[in-house]
Amino acid sequence: MTIQSKPIYSPLEGVQILAPVSRFAEYEPSTTTQADILTKSALSFVVLLHRTFNSTRKQLLENRQVVQQQLDNGIPLDFLKDETMVKVREDPTWQGAFPGPGLADRRTEITGPPERKMIVNALNTPVKTYMSDFEDSSSPTWGNLINGQVNLYDAIRHQIDFVNKENGKLYKVIDSHDREIPTLLVRPRGWHMVEKHVLVDGEPISGSIFDFGLYFFHNAQELIHQGRGPYFYLPKMEHHLEAKLWNDIFNVSQDLLKIPRGTIRATVLIETLPAAYQMEEIIFQLRNHSAGLNCGRWDYIFSTIKRLRNDPTKLLPDRGQVTMTVPFMKAYCERLINICHRRQVHAMGGMAAQIPIKNDEAANQAAITKVHNDKLREVTMHYDGTWVAHPGLAPLANEVFDKHMPTPNQIHIVPEENVTASDLSNTTIQGGQITSQGIRENMFIALCYIESWIRGLGCVPINNLMEDAATAEVSRLQLHSWVLHQADLVDINSKVTPELMRTILQEEVDKLVKQFGSKNHKFEQAASYLEPEITGESLSEFITTLIYDAVVVTGEPIDLDSLKD
C-alpha cells in the first residue's frame, strides 16, 4: 500500500504579478535591480501579511462609512465614551516608546518621494530626519514603486550615488565622516490604497502592506546593524483600531524575521478629523512602537471638509484663509501637543511647502518671512520638530528651532489645553469669504496636480509651492462643498452652481493647453476626472483612488519561478 503525501503548499500559490520585473540595474554604478527586491522570499513575506490582515483592513474601511452616515444624520463626532477607552485616557501611568536610535532629535525633517535624485538631495540636506514617501508625494506607477524600493535599499547600504544618464551629472551623498546623515523614515500608502499590479487570491494586494513589507523585509536587519532601525510614518487613519492593525502587523513582522518586538518605531499623521478625537487611543494602540504624532495640515483640512461636507454651516472659505490659527486648526494642534508630551512621545509640526523664488527677491522674502513665522509658532507651541519640502528651507527651520529649543526635543514640556469635542469641529472663520478667484485657484491646483500624477509625478511645484495629493484634495473638496451648498460668491454677486463650475473648468483647461500644449500633457483627461467631483455628480473618498487606474498598466502574469529566491 502506497501512502501519498500531500503536496507542500506554496505561499505564492494564487499570487499573480501583472507587471515586468527587471533584472537590469537602472542606476550605475549600483548593481541592485528590481529582481533583487521582488524575490520569492520577499513576496512570500508580503503575501503572508496580506492574507493574515487584509480582511480586517477592509472591515475598518467600511467602518469609516458608518461614521460618515452618523455625521450625515446629525450625530457629531465626540471623544470615545466606551469604558475601556475612557480608562485608557484617564490612566496616567502608560507611555509611548522611548525614541529609537537617531530619533531623539527631529527638529527638522525633509520629505519627498523615493526618487533617486531626491533621496541624494535629502540625505545631503542639513536636517535630522528624512521621510521618504510612497504616499501623497508619489504617483504609484509600477516603476515608481519598485524603483523606489531599489533606491531605499541602496541608500541604506551607502550605494545610492549615481550618474544621470541624460546629462552625465554625478549625484553623490556627502561623506558621512564630515557630518551626520539624516535618519530615514518611510511612509507607505494609506489603508485605502491597493496595488493592482499584484493579485493575491484574485484581488489586489494592500498597497500599505506591499510598501511596508518589501521595505521591512529587505532593510530591517541592516538598519539595526547600523545602529538605527525600521522607522515609519503612518498616514490617513481614522480610528484607533486602524492603528491597532498596524501594531499587529508590526508584531507579526518582527516575529517572522526574529527581530525583538518594539524595534519598529512609527509616527502617526493625525490628518483626518475622526482621528483627532482618538489621538490618545492611537498612541496607546501603538505604544511599544509609537514615535509620536504629526499635524498633517492639508490632509486634515481635506478630511474636515469631507466628513462635514453635508453640513451647510461648516463651509470653509478660500484656501488661503484657512490658516493654522483658525479655531479648529488651533484646537487640533494644542490637543496633539498636550497628549503627545503627556505620553512622552514626539509632537511633530507641519509642512513648509514654499519653494525659494529665484527671480523675485521681494516675493522670495515674503515667502521666507511666512515660513519663519510659521516655524516660530510651532516651536513656541512646544512642537518637537517640523517639516520642510525643499532643502533651501532647512537652514531657516534649523535656525528657529535651535534658538528656541536648545534640547533635543520638548517632550518634557506639557502645555495646558482645554480643547472640547466641539472645538475640533468649530470651522467658523471670522471674515472668511468664498470668491470666484478661490474657485479658479482650486481648479488650477487640482488640474495641474491630477495631470502630473497621471504622468507619474506625485510631487509638483505649482505657484512656488510644492504641492502633493493633500493640497489637490483640499481644492477638490472645497469646490465640491461650495457647489453642493450653492455658496455665495462675494466678488461677483453669484452663487456657485454646476454650470459655473463647468464654465470655469473649461476656461482653466483652455489656458493650460494653450500654455503647455496637449501633446505631452493630459489636462483634458484630468478635467474628465475632476468635473463630476466638482459639479455634485459624484464624490470619491480619495482623489488617488479615483484616478489610480490611469497609472495601472498590467499585462500577462509573469512566471513566478523566474523570480530570484
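This is a predicted model: local features need pLDDT of at least 70, side-chain atom pairs count only at pLDDT 80 or more; totals for chains, interfaces and linings use all residues.
A pocket is an open set of grid points with protein on both sides within 12 Å along at least five of seven lines.

The largest pocket holds about 710 Å³ of space. Its lining is made up of 28 residues, and W298, G320, Q354, K370 and L465 lie nearest its centre. If you trace the secondary structure around this pocket, you will find that α10, β12, α12 (361-380), α15 (436-454) and β15 each supply at least two lining residues. By class, the lining of the largest pocket has 13 nonpolar, 8 polar and 7 charged residues.

Next comes the second largest pocket, with about 540 Å³ of space. Here 26 residues form the lining, and those nearest the centre are A155, H158, I181, P182 and Q226. The elements that each supply at least two residues are α4 (116-123), α5 (142-156) and β6 (183-187). Among the contributors to this second pocket, α5 gives the most, with 3 residues. The lining divides into 14 nonpolar, 6 polar and 6 charged residues.

The residues around the largest cavity comprise 11 nonpolar, 8 polar and 8 charged.

M348 is buried, with a relative accessible area of 0%. Although M348 and G385 are 37 residues apart along the chain, their C-alpha atoms are separated by 5.0 Å. Setting aside neighbours within four places in sequence, M348 is in contact with R106, E109, Y233, L293, N294, C295, Y383, D384, G385 and T386.

The largest has 126 residues, and I270, Y332 and L336 have the most contacts inside it. Beyond its neighbours within four places in sequence, L336 is in contact with I270, M279, L293, N294, C295, A347 and Y383. There is also a second, separate core of 38 residues, which includes M193, C448, W482 and M501.

Finally, what do the cysteines do? The count of disulfides comes to 0. Take C340: the nearest cysteine sulfur is that of C295, 8.0 Å away, and C340 is in no disulfide. C340 is buried, with a relative accessible area of 0%. C459 is likewise in no disulfide, and the sulfur of C448, the nearest one from a cysteine, is 14 Å away. A disulfide calls for sulfur atoms within 2.5 Å. C459 counts as buried because its relative accessible area is 18%, and buried means under 20%.

Key:
Residues are numbered from 1 along each chain as its sequence is written. Side-chain values use heavy atoms; hydrogens and water are left out. A nonpolar core is a set of buried Ala, Val, Leu, Ile, Met, Phe, Trp, Tyr and Cys residues joined through side-chain atoms within 4.5 Å. Buried means under 20% relative accessible area, exposed over 50%, partly exposed in between (1.4 Å probe, protein chains only). Contact means heavy atoms within 4.5 Å. Ala, Val, Leu, Ile, Met, Phe, Trp, Tyr, Cys and Pro count as nonpolar, Asp, Glu, Lys and Arg as charged, and the others, Gly among them, as polar. On a 1 Å grid over the protein atoms alone, a cavity is a set of points where a 1.4 Å probe fits but cannot get out, and a pocket is an open set with protein on both sides within 12 Å along at least five of seven lines; lining residues have an atom within 4 Å of a point. Grid points are joined across faces, edges and corners, and a volume is the space filled by probe spheres set on the points. Helices (H or I, at least four residues) and strands (E, at least two) are DSSP runs, numbered from the N terminus.
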